[in-house]
Amino acid sequence: MTATTTVTPPPAAPKAPGGKPAARGRLSVAKILLIVAAALVLISAVRVLTGSQQLDSEGQIAAALGLAVPIGMAGLAGLWSERAGVVNIGLEGMMILGTFGAGWIGWQTSPWLGLLAGVAFGVVGGLIHAVVTVTFGVDHIVSGVAITLLAQGVTQYLAKLFFNHGDALNKGGNPKQSPPVDSLPQFTVPGLSSGLNSIAKHHWFLVSDLAGIVGGIFTKLSVLTILAAVLFALTWLVLWRTSFGLRLRSVGENPVAAESLGVNVYAYKYIGVMISGGLAGFGGAFLAMVSSHFYLEGQTGGRGYIGLAAMIFGNWRPGGLAMGAGLFGFSDALQLRSGGETVHALLLLLVVLLVLLGAWKAYKKAMVQAIVSGAVAALILVWYLLTDSVPDDFVGATPYVVTLLVLSLSAQRLRMPKADGLRYRKGQGS
């Protein structure tokens with residue numbers, strides 16, 4: 001006789017009025033546009049109150065976009081890996097490999113081949129991470145840290161080997177830097193930039209701010225920036241609108257159930273981590289060919305880790321990740337271009353945001369968080385009123401402070417893939 005097992009089906013998803021499952025915690029297009037409009041009004045008001053005209057100028061936005069791309073690509077790389085259930089702390093190392101590959105091949109051939117080399121070097125880093133974590137079951141954090149240290153050591157050795165003699169030395173190479181790489185194409189919409197720039201110079205409320213933002217986006221736009229935007233859209237399309245993406249995400253949520261349905265868990269984990277490495281390599285190639293036009297030792301500057309923070313802020317989704325990368329890029333550009341006075345204006349913006357957050361927490365009956373937000377806002381307001389600028393030491397730390405603040409404020413709504421970082425062995429559910 002065979003025993004009969006009763007299986008209780010999972011509860012059905014709640015239905016929306018139209019009969020479709022209700023989306024939990026997702027923002028509609030209308031809400032996103034409303035948030036963007038409110039943010040624009042807030043920034044414009046702060047600019048007028050503080051007189052800091054560089055807060056959203058064309059140059060500031062263009063610089064923020066250039067700084068946001070490598071952070072966004074690192075975050076997108078982390079998203080692919082973690083959606084497949086593998087934590088990728090080695091993104092920084094894979095970006096380092098990408099910078100070296102782009103600089104090494106780029107100066108000898110063409111920038112396009114340099115881009116492909118940067119991506120390929122990143123894929124190699126991802127493959128190593130996949131072999132170590134998926135096949136051999138090594139702790140993901142340990143493997144990621146080891147890959148970063150290995151990438152640093154290998155690229156330093158190879159730079160001394162390839163850039164410090166012969167033709168490379170004659171063309172500007174040295175033990176820490178490759179010869180220059182040719183520039184990639186840039187695009188500017190004819191007539192648009194000059195017209196928007198003239199509007200921005202009037203410093204009108206909201207109108208000039210919008211002109212500065214749009215002008216910064218469409219002036220001298222690198223082809224790699226456009227390609228990065230396409231990669232974000234493709235990631236959303238593949239992971240959330242294809243059967244391949246569904247299987248890959250199922251591997252990160254419940255690999256045992258995925259295997260029972262015939263999914264090759266190991267193969268999908270390998271694919272996710274190798275794509276992750278390639279995207280991180282793309283971010284490194286961007287630094288080597290757009291931001292500086294050569295490989296330079298240490299030029300990633302922790303962007304791989306900030307990219308992970310942007311991914312967490314975005315709740316493991318491309319849209320939120322893009323907003324997080326834009327925020328970190330904006331704060332980085334602010335401290336690089338404008339210095340203490342503009343960062344000082346940012347303090348007032350931070351006060352307003354904390355007050356709004358405190359009011360929202362009070363509305364949700366989370367009184368402890370509301371009181372903490374209000375107290376921090378009061379302290380920052382006192383700092384703003386008693387000073388005219390921010391010390392240079394603090395200005396340099398602005399991107400990292402923003403990273404910590406954003407993560408602490410967004411931690412209440414996060415939902416990582418359920419099997420993210422867990423060791424998996426084939427057949428363990430049988």
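Phe100 and Phe163 are both buried, where buried means under 20% relative accessible area, exposed over 50% and partly exposed in between, computed with a 1.4 Å probe on protein chains only. The model is a predicted one, in which local features need pLDDT of at least 70 and side-chain atom pairs count only at pLDDT 80 or more, while totals for chains, interfaces and linings use all residues. Residues are numbered from 1 along each chain as its sequence is written, and side-chain values use heavy atoms, with hydrogens and water left out.

Aromatic rings were examined next. Rings of Phe, Tyr and Trp (for Trp, the six-membered ring) pair if their centres lie within 6.5 Å; planes under 30 degrees apart count as stacked, over 60 as edge-to-face and the rest as tilted. By this rule there are 10 aromatic pairs. One of them is the tilted pair of Phe100 and Phe163, with 5.6 Å centre to centre and 40 degrees between the planes. This pair links distant parts of the chain, since Phe100 belongs to helix 3 (residues 91–108) and Phe163 to the loop between helix 5 (140–162) and helix 6 (166–170), 63 residues apart. Trp104 and Phe162 form a stacked pair, at 4.8 Å centre to centre and 20 degrees between the planes. Here too distant parts of the chain are linked: Trp104 is in helix 3 and Phe162 in helix 5, 58 residues apart. Trp104 is partly exposed, at a relative accessible area of 23%, and Phe162 is partly exposed at 30%. Ring pairs join Phe100, Trp104, Phe121, Phe162, Phe163 and Tyr295 into a cluster.

For the chain as a whole, the secondary structure comes to 18 helices and 2 strands. Helices (H or I, at least four residues) and strands (E, at least two) are DSSP runs, numbered from the N terminus. Of the 430 residues in the chain, 44% are buried. Contact means heavy atoms within 4.5 Å. Among contacts with a separation of 6 or more, 77% are between residues 24 or more positions apart.

Helix 10 (residues 243–253) has Gly245, Leu248, Arg249, Val251 and Gly252 buried. These residues lie on the same side of helix 10 because they cover an arc of only 150 degrees around the axis, the arc being that of the directions from the helix axis to the C-beta atoms. An α-helix has 3.6 residues a turn, so residues three or four places apart point the same way. The buried residues of helix 10 pack against helix 2 (58–83), helix 9 (223–241), helix 11 (255–260) and helix 12.

Gly307 is part of helix 13 (residues 303–313) and counts as buried, at 0% relative accessibility. Leaving aside residues up to four places away in sequence, Gly307 touches Ile71, Ala74, Gly75 and Leu321.

A cavity is a set of points on a 1 Å grid over the protein atoms alone where a 1.4 Å probe fits but cannot get out, and lining residues have an atom within 4 Å of a point. The structure holds 1 cavity of 30 Å³ or more. The largest cavity contains about 60 Å³ of space, the volume being the space filled by probe spheres set on the points, which are joined across faces, edges and corners. Its lining includes Val86, His140 and Tyr266. Helix 4 (111–135) and helix 12 (265–291) each supply at least two residues of this lining.

How values were computed: On a 1 Å grid over the protein atoms alone, a cavity is a set of points where a 1.4 Å probe fits but cannot get out, and a pocket is an open set with protein on both sides within 12 Å along at least five of seven lines; lining residues have an atom within 4 Å of a point.
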